[in-house]
Amino acid sequence: MHPAHQEDNSSSDSALRVVAIDDDEQHLKFVVALLSQDNVVVFTSTDSQTGLSLVQAKHPHLVIVDLIMPGMSGMDLLEKIVEFDPATEVVLLTGHYSAESAVEAIQKGASDYLTKPVQGDKLQERVGSLLAELRNRQRCLELENALLDTYQFAAMVGRSAPMLETFRRIRRVAQHFRTVLITGETGTGKELAARALHDLSPVAGGPFVACNCSALVETLAESELFGHVKGAFTGATQDRAGIFEAANGGTVLLDEVGELSPAAQAKLLRVLQNQEIQRVGSPAVRRVDVRVVAATHRDLRLMIAEHRFREDLFYRLSMVHITLPTLAERQEDLQLLQQHFVKRFAQQYGKPVSGITRRAQALLSRYSWPGNVRELENVLGNACMMADGETLDVGDFPEYIRSREPSAITHDGAVATLAEVEKAHVLRVLETSEGNKVRAAELLGISRAKLYRVLADNDVEDSSNS
């Protein structure tokens, strides 16, 4: 290998990185001399396999490859480079031009096909245009980062009309609420909205305690929420404060509040009405000063009609009601969210990933995202963790996203119900995860309990691994 400069500037974001691969050492020296300038660093190799390793190590913007070389041909090398990083520009050089070879090279992803001896002005022109594109990309990245900062509210990101309205309601409500009901599909960001309400409230300095009601064992739910005294039940070896006492002076989030038992609902109503709790096994009344945010993806009005949720509790909780939009309802936020998550996960995993290819963005925009923002977050987090290049491409995403998403039309031409679409999507992701329910739940952005419920509700046999 023969670097154009003694100092390796390839790590600089402002430097254009070029790799030249040719078994003719004299021609490599010519290319180095031709392209050497400020903000350009050239790496060379006379061996195709070593050159490929160089490409994988340096992540160049431009690769110049000789078509005829011992071992791996330039055409084979082109395919491997495009597979590794489709954003890389590849120029093929040959001493024997043919129209068929040129067409094949372009079809396989080459950006140009030049004849040796290469015209210096043409190669310099290509490098000049790439430098200009690199500068534009850096300016765009700076503007996008500024835009991301502008449209970031608490830990939420959005510029769509539904999200801007959600941000406005949270700002107005935060100073005054005692109870708020947040509804929205799984993965829409209900806990983030609850945290924003707390952080903007007068009790922001107090505790924020989240309780997942769907994870509470029914026999212990009241103890978890309101505490218990020693001897209240088998295993109660000491007094224990519940979630409401832990949140005293702050905010408690009751996530999936629709999963509470009727007994727990009755006691919760008393807390909301009187700001008082009783530990299980104790007649003593304890005062608490707690703001309550209840969240659910369920239709509580339907549950009231089915006598599964208390009507008086619903009206007490929904004094202020905030509904979070699905990702499908805020499509214009998709690119902003992608940028937000890529930036976050690249920093978290120490990866050089800075964006997503256009064809991958098109793929993500066609997908329906039934798991909403949480599913997008999980998919991008996994892609960034596994990525090698600077951009995420189609191959970095799960097969269930690359394949056609479940159709909303059934085989007999009727429109499928939401449950049918949900079932088809869950089964597709489970198949992609080779039956691993933990992995499938992570990709879907739902709890394992939710996954089991969907499978049970649809009479799907439990034949896969957990």
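1. In what follows, helix axes are lines fitted to C-alpha atoms over the stretch in contact, and angles run from 0 to 180 degrees between N-to-C directions. The model under discussion is a predicted one.

2. Helix 6 contributes Ile-170, Val-173 and Ala-174 to the contact, and helix 7 contributes Ala-193, Ala-196 and Leu-197. By class, the residues of this contact are six nonpolar, no polar and no charged.

3. A further pair is formed by helix 13 and helix 15, which pack with their axes 9 Å apart at an angle of about 45 degrees. Helix 13 and helix 15 are therefore also classed as oblique to each other, and their crossing is right-handed. On the helix 13 side the contact is made by Leu-334, Leu-337, Gln-338, Phe-341, Val-342, Arg-344, Phe-345 and Tyr-349; on the helix 15 side, by Val-373, Leu-376, Glu-377, Leu-380, Gly-381, Cys-384 and Met-385. The residues of this contact divide into eleven nonpolar, two polar and two charged.

4. Is Gln-338 buried or exposed? With a relative accessibility of 3%, Gln-338 counts as buried, because the cut-off for burial is under 20%. Beyond its neighbours within four places in sequence, Gln-338 is in contact with Ile-356, Gln-361, Leu-364, Leu-376 and Leu-380.

5. Helix 14 (residues 358–366) has Ala-360, Leu-363 and Leu-364 as its buried residues. These lie on the same side of helix 14, because they cover an arc of only 95 degrees around the axis. In general, an α-helix has 3.6 residues a turn, so residues three or four places apart point the same way. On the other side of helix 14, Arg-358 and Arg-366 are exposed. The cover over the buried residues of helix 14 includes helix 13 (334–349), strand 15 (355–356), helix 15 (372–386), strand 16 (391–392) and helix 16 (399–402).

6. Finally, Ala-15 is found in the segment before strand 1 (16–21). Ala-15 has a relative accessible area of 5% and is buried. Ala-15 and Val-41 are 26 residues apart in sequence, and their C-alpha atoms are 6.8 Å apart in space.

Methods:
Residues numbered from 1 in each chain as written. Predicted model: local features only at pLDDT ≥ 70, side-chain atom pairs only at ≥ 80, totals over all residues. Heavy atoms only, no water. Buried < 20%, exposed > 50% of the residue type's maximum accessible area, 1.4 Å probe, protein only. Helix = DSSP H or I, 4+ residues; strand = E, 2+ residues; numbered from the N terminus. Arc of directions from axis to C-beta. Contact = heavy atoms within 4.5 Å. Parallel < 35°, antiparallel > 145°, perpendicular 65-115°, else oblique. Left-handed = near helix turned anticlockwise from the far one by under 90°. Nonpolar A, V, L, I, M, F, W, Y, C, P; charged D, E, K, R; others polar.
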